[in-house]
Amino acid sequence: MTKIIGLTGGIGSGKSTIANHFKSHGIPVYIADDASRNVTESPEIRNQIKNQFGTDVFEGTVLNRQKLAQLVFSNPEKLEQLNAIIHPAVKADFEVWLAQHADALIAIKEAAVLFESGSYKNCDAIITVTAPEEVRIARVMKRDGVTREEVLRRIANQWTDAQRIAKSDYVIDNENWDEAKAQADKILKKLTIC
């Protein structure tokens with residue numbers, strides 16, 4: 001049976017970089033953020049979003065993700081409402097994906113909100129990726145073209161590194177790529193030997 005390895009970390013920690021490194025070793029990797037974007041393309045999910053948040057977050061029939069993000073990241077109650085729509089759909093999508101990779105020894109589930117969504121409960125081991133907050137802020141500002149305040153708002157809506165680390169089996173410090181890669185390889189070796 002395939003071992004599910006959860007891969008998480010705060011925004012800008014470099015989860016995707018680590019996930020791509022695992023992928024380069026032939027490990028199947030499920031990216032929850034990509035799945036989340038895909039499920040919001042379904043008419044059923046879009047209707048649920050429209051019913052919950054109104055037409056303001058749409059431009060015609062297209063979901064304006066930036067408007068939706070601004071709305072939910074400034075209001076914890078609205079974020080919870082969005083998560084109640086998205087998380088079950090992503091969970092179902094992951095089950096289908098996992099069945100397609102049933103022959104793999106391990107499969108990585110990369111998710112920023114692995115703990116918040118409760119999906120960590122289905123993982124056999126969890127890896128948390130960390131980086132200093134200032135490094136994370138700079139990475140996200142550069143990547144997404146957003147303000148420092150917007151990044152801080154998103155960080156405030158996620159678990160802290162300390163909270164994630166307390167529930168994790170492994171930690172990768174991703175401030176320096178060569179060191180992070182060496183840590184990832186060491187963990188991968190342990191996971192494939194067990």
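Q: On which residue is the kink of about 30 degrees in H5 centred?
A: This is a predicted model, where local features need pLDDT of at least 70 and side-chain atom pairs count only at pLDDT 80 or more, while totals for chains, interfaces and linings use all residues. Residues are numbered from 1 along each chain as its sequence is written, and side-chain values use heavy atoms, leaving out hydrogens and water. Helices (H or I, at least four residues) and strands (E, at least two) are DSSP runs numbered from the N terminus, and a bend at a residue is the angle between axes fitted to the seven residues ending there and the seven starting there. On that basis, the kink in H5 is centred on Asn83.

Q: How far does helix H5 reach from its first C-alpha to its last?
A: Helix H5 covers residues 76-100, which makes 25 residues.

Q: Which elements do the buried residues of H5 pack against?
A: Buried means under 20% relative accessible area, exposed means over 50%, and partly exposed lies in between (1.4 Å probe, protein chains only). In H5 the buried residues include Leu79, Leu82, Ile86, Val90 and Trp97. An α-helix has 3.6 residues a turn, so residues three or four places apart point the same way. The packing partners of the buried H5 residues are strands S1 (3-9) and S2 (29-31), helices H2 (32-39), H3 (43-53) and H4, and strand S5 (106-110).

Q: Why does Ile85 count as buried, and which residues is Ile85 in contact with?
A: Ile85 sits in helix H5 and counts as buried because its relative accessible area is 9%. Along the chain Thr40 is 45 residues away from Ile85, and their C-alpha atoms are separated by 9.4 Å. Contact here means heavy atoms within 4.5 Å. Setting aside neighbours within four places in sequence, Ile85 is in contact with Ile45, Gln48, Ile49, Gln52 and Phe53.

Q: What is the volume of the largest cavity?
A: A cavity is a set of points on a 1 Å grid over the protein atoms alone where a 1.4 Å probe fits but cannot get out, and its lining residues have an atom within 4 Å of a point. Grid points are joined across faces, edges and corners, and a volume is the space filled by probe spheres set on the points. Searching the whole structure turns up 1 cavity of 30 Å³ or more. The volume of the largest cavity is about 60 Å³.

Q: Which helix gives the most to the lining of the largest cavity?
A: The lining is made up of Gln66, Ala69, Gln70, Phe73, Glu150, Arg153 and Arg154. By class it has 2 nonpolar residues (Ala, Val, Leu, Ile, Met, Phe, Trp, Tyr, Cys or Pro), 3 charged (Asp, Glu, Lys or Arg) and 2 polar (the others, Gly among them). H4 (65-73) and H7 (148-156) each supply at least two of the lining residues. The helix that gives the most, with 4 residues, is H4.

Q: Is Arg154 buried or exposed?
A: Arg154 is found in helix H7 and is one of the residues lining the largest cavity. Beyond its neighbours within four places in sequence, Arg154 is in contact with Ile11, Phe73, Val140, Asp144 and Val146. Because its relative accessible area is 17%, Arg154 counts as buried.

Q: What is the relative accessible area of Val140?
A: Val140 lies in helix H6 (residues 133-144). Not counting residues up to four places away in sequence, Val140 touches Ile11, Gly12, Gly145, Val146, Val151 and Arg154. Val140 is buried, and its relative accessible area is 0%.

Methods:
On a 1 Å grid over the protein atoms alone, a cavity is a set of points where a 1.4 Å probe fits but cannot get out, and a pocket is an open set with protein on both sides within 12 Å along at least five of seven lines; lining residues have an atom within 4 Å of a point. The expected span of a helix is 1.5 Å times one less than its number of residues.
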